[in-house]
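Hi there,

I am passing a structure on to you, and I hope you enjoy exploring it. Please open it next to this email and follow along.

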Amino acid sequence: MSVRRLDPIQPENFQFSAANLKWAKAQVKKYPPGKQASAVIPLLWRAQEQHDGWLPEPALRAVAEMLDMAYIRVYEVATFYTMYNLSPVGKYFVQLCGTTPCWLRGADDLKEVCRHVIGEQNQVTEDGMLSWLEVECLGACTNAPMVQINKDYFEDLDAKGFEKLLTDLREGREVKPGPQNGRQFSCPEGGATTLLNGSAPSVAKRVTKTKAKGKPQRGGK
Amino acid sequence: MPKLIIDGAEIEVENGITLIQACEQAGVEIPRFCYHERLSIAGNCRMCLVEVKGMPKPIASCALGVNDLRPGPNGELPEIHTKSPTVKKAREGVMEFLLINHPLDCPICDQGGECDLQDQAMAYGVDGSRFTENKRAVEDKNIGPLIKTIMTRCIHCTRCVRFMTEVAGVEELGLAGRGEDAEITTYLERGMMSEMSGNVIDLCPVGALTSKPYAFAARPWELRKTESIDVMDAMGANIRVDTRGREVMRILPRNHDDINEEWISDKSRFIWDGLRTQRLDQPLIRVRGKLRPASWDEAFGAIARKLKRTKGARIAALAGDLAGAEEMFALKDLMKRLGSPNIDCRQDGAAINPARGRGGYLFNSGLGGIDEADALLLIGCNPRAEATVLNARIRRRWRTRQLKVGLIGREADLSYRYDYIGAGPQSLADVASGKHAFAKVLKSAKRPMLILGAAALAHTGGGAVMTLAARLAGMTGMVSGTWNGFNVLHHAASRVAGLDMGFLPAAGGLDTQAILKNAKAGKLDAVFLLGADEIDMTSLGSAFVIYQGTHGDAGAHRADVILPGAAYTEKSAIYVNTEGRPQMTGQAAFPPGDAREDWSIIRALSAVLGKTLDWDTLSEVRGAIFAAHPHLALIDEVVPDENFDLNKLSRGPSRFGKQPFRRAVDQFYLTNPIARASAIMGELSAMMADETSGATGTDG
């Protein structure tokens with residue numbers, strides 16, 4: 001992590017779109033009168049989503065005015081939380097997990113790919129399509145190494161596959177989120193390794209039971 | 001009341017206090033950085049760790065209430081250890097972490113010698129560091145012309161942030177970023193628009209925020225410290241004047257719980273550069289339209305020649321806002337001997353009639369009364385500009401949600417919300433007659449209070465405003481039993497002493513307006529200005545003007561003879577604050593050049609005029625003052641008006657004009673000759689003007 005500052009190049013102004021404004025007002029209403037400042041985090045997040053994935057300075061002021069907060073209070077929040085991007089990001093914003101499990105499983109190779117395909121951290125490619133940032137654990141250690149691109153996780157990556165993924169994204173081809181090595185969610189790699197003969201009574205029964213009640217089973221086919 | 005054992009000694013403490021306060025009461029010193037008793041609790045520096053028996057880890061004593069301590073399994077009292085090996089180790093650990101990113105630049109740091117971190121590192125730290133990495137560096141921020149920032153030194157205690165937000169009411173400082181990269185900053189590095197921001201210099205426990213005008217000027221151990229009283233407003237904030245040789249190097253606040261607590265305004269703090277410039281350091285005489293230097297004898301001779309052939313009734317004297325009690329007393333005596341009834345200490349023409357009782361011009365509830373008030377009506381008053389620190393007290397009370405504030409007069413940003421009632425006396429009449437809804441607020445309050453500002457009394461219908469206010473006070477029960485919520489907030493430091501001593505027109509005498517009118521019409525031959533600069537000098541017509549004062553300001557420009565006097569840091573003088581509390585300044589330096597203490601100038605002049613006053617020394621003057629006005633001898637004691645009578649006050653004039661109240665203080669930083677001579681004040685004033693042109697500053 002490093003010192004977080006507002007971007008030197010800022011747009012003139014910022015306005016919530018009509019739909020977002022309506023949504024924002026509903027958020028504010030969730031809190032008792034006088035406590036409207038509690039809505040600052042969702043509002044900033046929505047502002048970031050609306051503004052191509054980063055928070056411009058006028059958005060901080062807009063949110064502050066909407067919530068009757070001092071500018072500096074909103075600024076504190078925006079600089080504290082690293083998920084607010086204070087500088088422009090690519091259309092596909094790659095957040096690469098570099099924490100221990102991913103690192104042990106080859107996150108360094110992925111970083112190399114990023115440097116090679118995109119450039120240094122926090123730099124947007126000239127076509128505006130890609131930028132990347134190393135982040136702390138994203139909570140998908142079973143499927144390490146992994147990256148988050150915009151809202152999707154891409155897991156079980158290797159250098160080659162990752163490079164292809166980035167190229168596909170850049171060239172507008174469709175990509176499939178989730179594990180990239182054919183694995184199903186976080187099931188064992190290469191298919192099931194236990195309960196293969198189907199005679200494990202207690203567990204199997206329970207599964208059938210729940211099925212009978214009509215609750216969908218996650219990952220089961 | 002909880003009992004606990006601190007370092008083996010049992011102690012019973014009040015409910016609701018924190019462990020650090022309990023330790024203090026037990027006489028145990030706990031090191032701290034972020035904790036400050038007048039600010040909210042942050043608990044982020046971890047320096048105040050103590051060991052509480054039964055708790056697995058050391059506890060931050062500033063953030064633990066004594067009521068939250070649990071007794072032992074058999075009902076033993078909670079036991080706290082502050083000197084155990086665990087605590088020692090914990091403190092050493094915290095200190096080592098704090099010093100990891102703190103630069104080793106004490107030799108070039110202005111905080112050196114009075115630095116909490118330095119002192120506590122000596123007392124509670126270890127002698128070395130195990131840190132071999134690079135230290136972090138932080139960009140310095142520009143937060144205005146008063147505060148120099150060296151942000152690498154910051155230890156993130158956030159005292160400054162809390163002070164600005166809670167006390168000053170200006171949410172401009174904040175802690176941006178997080179962890180190692182946290183930085184104290186303002187939004188986009190704007191200068192702080194607050195007239196109390198200088199206090200963060202005192203609050204900063206390290207050298208991150210230091211005084212910009214004082215930068216590299218002196219070391220604390222070189223300075224002679226003199227306890228004194230501030231005269232920038234009528235609150236009488238307690239200050240300490242630090243001098244080196246003849247020069248005042250800086251001014252710091254002193255603690256006085258009933259007046260300024262431990263804050264002072266930026267004007268009080270940074271006025272000192274005005275004490276060095278534009279000074280009158282020798283007598284001057286106007287010869288053929290030009291002032292030329294003269295000796296004291298020549299100056300006195302010129303005055304004597306004029307006054308000896310002038311009838312007493314054609315002489316007048318005005319006392320300025322910074323005059324001490326001694327010189328006013330001396331001048332009053334001299335004018336009496338000269339046969340002149342025309343004296344006045346109300347430069348702004350405030351409609352105050354001391355004949356109706358002392359309570360008619362005092363802040364009767366006491367400044368501390370605000371902490372008990374639950375409804376407050378400000379009349380022609382902008383406390384933020386007229387008594388900055390008092391405004392912080394109102395704000396604090398308002399923040400507890402127990403105080404409702406109403407305002408009649410100019411709208412302004414007071415740092416708290418108020419009901420705006422109206423602009424002029426008519427609105428006051430509406431409240432007094434119960435027409436306005438705020439009357440109900442005052443009536444239903446247990447301790448209602450009103451504050452009459454200088455602008456209300458200086459209004460053309462000032463007498464009627466006083467009458468209306470007294471009627472309102474009577475109607476809403478502001479005066480009952482021990483509670484007296486009828487308050488007058490003066491702005492001139494000299495005012496209450498002048499009124500107490502009757503520096504007012506004698507029978508048949510002229511008041512300020514009449515003096516100016518008559519002088520313009522040529523009906524007065526000589527006018528003595530005792531530091532009076534806030535009047536329209538062109539109104540003095542062709543009168544012979546004697547100006548006794550400290551600075552080459554409006555009065556000196558008009559004067560025919562100038563007698564150089566001493567500023568408030570250069571004499572020991574009595575000032576009575578707006579509550580009626582006499583306080584004495586200390587002499588921190590000597591007046592420059594030939595300038596003398598003011599009472600002695602008047603004493604010397606009286607001899608030349610052949611009307612020799614009866615005393616020769618300061619203690620004799622004081623003796624005479626105390627004999628005539630015994631309550632002035634009770635330094636730092638408020639003698640309330642025993643015979644306070646609202647009926648007397650409400651039987652005054654009742655005609656008021658339609659004009660709205662004007663501002664009593666137009667430019668906060670330029671209210672007196674010292675401030676106008678100060679470059680720092682000039683800069684601040686310009687900055688404020690820039691800001692208010694955007695209609696967001698204090699003058700709204």
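Below is what turned up, going from the inside of the structure to its surface and then to its charged pairs.

Please keep in mind that this is a predicted model.

**The cores**

In soluble globular proteins, nonpolar side chains tend to be buried together. Here the largest nonpolar core has 121 residues. Which residues have the most contacts inside it? They are Leu4(B), Leu19(B), Ile80(B), Phe163(B), Leu378(B) and Tyr568(B). Helix α4 of chain B, residues 159–168, gives this core its largest share, six residues. There is also a second, separate core of 85 residues, and among its members are Phe300(B), Ile315(B), Ile601(B) and Leu649(B).

**A strand with two partners**

Next, have a look at strand β26 of chain B, residues 561–564. Val561(B) and Leu563(B) point one way from this strand, while Ile562(B) and Pro564(B) point the other way. Are these residues buried or exposed? All of them are buried.

Strand β26(B) pairs with strand β13 (residues 284–287) of chain B in the antiparallel sense, over two bridges. With strand β25 (residues 544–549) of chain B, the pairing of β26(B) is parallel and runs over four bridges. Val561(B) takes part in both pairings: it is the bridge partner of Ile285(B) and also of Ile546(B).

Ala493(B) sits in the loop between β23 (486–488) and α15 (495–500) of chain B. Apart from neighbours within four places in sequence, Ala493(B) is in contact with Val231(B), Asp233(B), Ala234(B), Asp321(B), Tyr575(B) and Val576(B).

The other case is Ser415(B), in the loop between β18 and β19 of chain B. Not counting residues up to four places away in sequence, Ser415(B) touches Ala168(B), Gly169(B), Arg384(B), Asn391(B), Arg395(B) and Trp398(B).

**On the surface**

Nonpolar residues also turn up on the outside. Ile41(A), Phe80(A) and Tyr81(A) form a nonpolar patch on the surface, with about 250 Å² of accessible area together. Ile41(A) belongs to helix α2 (residues 40–50) of chain A and is partly exposed, at 36% relative accessible area.

Gly623(B), in helix α19 (residues 618–628) of chain B, is partly exposed as well, with a relative accessible area of 35%. Its C-alpha atom is 8.8 Å from that of Ala633(B), ten residues apart along the chain.

**Charged pairs**

Over all chains, 62 salt bridges were found. Here are some to look up.

- Asp68(A) and Arg417(B) meet through their side chains at 3.3 Å, N to O. This pair crosses between chains: Asp68(A) is in the loop between α3 (57–67) and α4 (71–80) of chain A, and Arg417(B) is in the loop between β18 (404–408) and β19 (419–422) of chain B. Asp68(A) is exposed at 53%, and Arg417(B) is exposed at 59%.
- Arg115(A) and Glu112(A) have their closest N and O atoms 3.1 Å apart. Both lie in helix α6 (residues 107–117) of chain A, three residues apart, or about one turn of the helix. Arg115(A) is partly exposed at 34%, and Glu112(A) is partly exposed at 46%.
- Asp560(B) and Arg558(B) have their closest N and O atoms 3.6 Å apart, and both residues are buried.

Finally, some salt bridges share partners. They join Arg38(B), Asp257(B), Glu261(B), Glu262(B), Asp371(B), Arg393(B) and Arg396(B) into one network.

Happy exploring!

Conventions: Residues numbered from 1 in each chain as written. Chains lettered and ligands numbered in written order. Predicted model: local features only at pLDDT ≥ 70, side-chain atom pairs only at ≥ 80, totals over all residues. Heavy atoms only, no water. Patch = residues over 30% accessible without salt bridge, like charges linked within 9 Å, V, L, I, M, F, W, Y side chains within 5 Å. Areas by Shrake-Rupley, 256 points an atom, 1.4 Å probe, with all protein chains shown as cover. Salt bridge = Lys/Arg side-chain N within 4 Å of Asp/Glu carboxyl O. Buried < 20%, exposed > 50% of the residue type's maximum accessible area, 1.4 Å probe, protein only. Pairing = 2+ DSSP bridges. Contact = heavy atoms within 4.5 Å. Core = buried A, V, L, I, M, F, W, Y, C linked by side-chain atoms within 4.5 Å.
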